[in-house]
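Me: I am new to this structure. Please take me through it, and tell me what stands behind each label.

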Amino acid sequence: MENNSATAFASPNIAFIKYWGNADPELNIPSNGSISMNLGGLSTKTTVEFISQLKEDVLLIDDKPQNGESLHRVKKVLNKVRDYSGTQIYAEVKSQNNFPAGTGIASSASAFAALSLAATCASGLNLMESELSRLARLGSGSACRSIPGGFVEWQAGTDDQSSYAKSIAPSEHWDLVDCIAVVSESHKSIGSKEGHFIAQSSPFQATRIQEAPARIIVCREAILSKDFDLFASIVELDSNMMHAVTMTSKPSIIYWHPTTLTVINEVRKMRRRGIPVCYTIDAGPNVHVLCLEGSKSQVCSHLGSIPGILEIINSYPGGPAYCLEQSETNN
Ligand code: DP6
């Protein structure tokens with residue numbers, strides 16, 4: 001029987017305009033569009049091998065077998081790939097991150113982007129970027145933004161066909177740096193899945209969604225024109241709006257730790273001193289401190305003096321997901 005295997009790489013991404021809340025939770029059709037940057041230097045490597053002898057799909061993360069929710073999400077993507085290629089064969093999926101699991105950097109975006117690409121390559125399918133992005137979205141919404149390269153916009157769409165991400169500028173367009181201030185290495189207490197689900201219970205969510213298209217326009221324009229001040233104001237506003245929603249959802253979620261707020265205040269202090277810098281925070285306590293390459297050392301040394309920061313990880317605009325190898329062997 002024929003075994004088909006392929007290995008793909010994808011980077012996680014940091015959202016500048018956040019995805020928070022679904023219009024369709026089954027298909028991860030978001031309530032609003034979003035914009036992000038791929039985190040270059042950080043990546044997930046995933047190998048998918050379709051093996052005719054397997055009785056079910058197998059998932060290994062860092063060589064450890066996985067069950068439950070993560071395997072369920074992987075199967076959702078693999079089932080779609082099997083539909084496309086017309087096969088019934090189960091797969092072994094092996095995934096590894098080059099960034100430590102304990103850094104609080106969400107790996108599901110890079111993991112599902114790499115899985116989608118590896119699984120389709122291994123099946124001999126040659127999907128268009130938009131189709132791959134839609135496939136990755138089924139595993140984790142934000143994963144659809146880790147398929148294209150550089151600065152990426154996810155157009156919310158209204159159904160499976162119309163909801164996918166595309167690049168608005170390549171990675172070399174702007175020398176932005178993300179200095180990730182790691183303040184906690186523990187996993188988030190309430191995952192994004194539940195957060196998306198309860199977002200609607202916040203009185204602020206409707207306004208956040210209604211005004212999202214206007215924030216998208218400003219953010220896209222700020223990136224395209226490399227206007228850091230405009231970028232900083234819209235990115236911080238959008239992050240604050242998402243956290244206002246999480247804090248006022250039922251149940252209320254506060255993702256921030258005391259050091260998170262300290263970093264926010266220190267970023268504002270640096271800005272008052274004339275350094276172009278801003279922050280954004282995903283569904284966790286770590287702070288993504290964004291600046292330009294020219295101010296990186298100043299920003300990093302300031303962050304380095306803040307008690308409570310465990311580690312600072314620097315990342316740059318990253319490229320698209322890519323497939324490394326494809327092999328066909330007989331056994
Ligand atoms: C706050 O449902 O894509 O990062 O839990 O990693 O699958 P996973 O996340 P997902 O939600 C991401 C939410 C966010 C904002 C964003 O990335 O747009």
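Reply: Start with Gly86. Gly86 is exposed, with a relative accessible area of 63%. Gly86 sits in the loop between helix H1 (68–85) and strand S9 (91–97).

Me: Why is Gly86 called exposed?

Reply: Exposed means over 50% relative accessible area, buried means under 20%, and partly exposed lies in between (1.4 Å probe, protein chains only). Gly86 has 63%, so Gly86 counts as exposed. The C-alpha atoms of Gly86 and Ser123 are separated by 9.6 Å, and the two residues are 37 apart along the chain.

Me: What kind of model is this, and how are its residues numbered?

Reply: This is a predicted model: local features need pLDDT of at least 70, side-chain atom pairs count only at pLDDT 80 or more, and totals for chains, interfaces and linings use all residues. Residues are numbered from 1 along each chain as its sequence is written, and side-chain values use heavy atoms, with hydrogens and water left out.

Me: What makes Arg137 buried?

Reply: Its relative accessible area is 0%. The limit for buried is under 20%, so Arg137 falls within the term. Arg137 is found in helix H3 (residues 129–139); helices (H or I, at least four residues) and strands (E, at least two) are DSSP runs, numbered from the N terminus.

Me: Which residues does Arg137 touch, leaving out those up to four places away in sequence?

Reply: Arg137 touches Leu27, Asn28, Ile29, Cys144, Trp154, Asp160 and Ser163. Contact here means heavy atoms within 4.5 Å. Ser163 is 26 residues from Arg137 along the chain, and their C-alpha atoms are separated by 8.5 Å.

Me: Asn28 is on that list. Is Asn28 buried or exposed?

Reply: Asn28 is buried. Asn28 lies in the loop between strand S3 (22–24) and strand S4 (29–30). Asn28 also has a positive phi of about 50 degrees, although it is not a glycine.

Me: What about Asp63: buried or exposed?

Reply: Asp63 has 61% relative accessibility, over the 50% limit, so Asp63 counts as exposed. Asp63 is in the loop between strand S7 (58–61) and strand S8 (64–65). Asp63 has a positive phi of about 70 degrees and is not a glycine.

Me: How do you know that Gln205 is buried?

Reply: Gln205 has 0% relative accessibility. That is under 20%, so Gln205 counts as buried. Gln205 is placed in helix H5 (residues 205–210). Leaving aside neighbours within four places in sequence, Gln205 is in contact with Trp20, Gly21, Ala199, Gln200 and Val245.

Me: Why is Glu236 called buried?

Reply: Glu236 has a relative accessible area of 6%, under the 20% limit, so Glu236 is buried. Glu236 lies in helix H7 (residues 228–247). The side chain of Glu236 reaches the backbone nitrogen of Tyr279 at 3.1 Å. Not counting residues up to four places away in sequence, Glu236 touches Val267, Arg268, Arg271, Val277, Cys278 and Tyr279.

Me: Which peptide bond is cis, with omega near -5 degrees?

Reply: The bond from Lys250 to Pro251 is. Pro251 is in the loop between H7 and helix H8 (258–272).

Me: Which domains does the protein have?

Reply: The assignment gives domain 1 (2–171 + 318–330) and domain 2 (176–317). Such bounds come from an automatic or database domain assignment. The domain centres, taken over C-alpha atoms, are 24 Å apart. The contact takes 34 residues from domain 1 and 44 residues from domain 2.

Me: Which residues come nearest to the ligand?

Reply: Of the 16 residues around the ligand, Arg73, Ser108, Ser140, Ser142 and Arg145 come nearest. A residue is near a molecule or strand if one of its heavy atoms lies within 4 Å of it. The shell draws at least three residues from each of domain 1 and domain 2.

Me: How far from a ligand oxygen are the polar side-chain atoms of Arg145, Ser192 and His196?

Reply: A polar side-chain atom of Arg145 lies 2.7 Å from an oxygen atom of the ligand. For Ser192 the distance is 3.0 Å. For His196 it is 2.9 Å. Taken alone, the ligand exposes 450 Å², and the protein buries 91% of that. Those areas come from the Shrake-Rupley method with a 1.4 Å probe; for residues, only the protein chains shown count as cover.

Key:
Polar contact = N/O pair within 3.5 Å; in protein donor to acceptor, adjacent residues only side chain to side chain.
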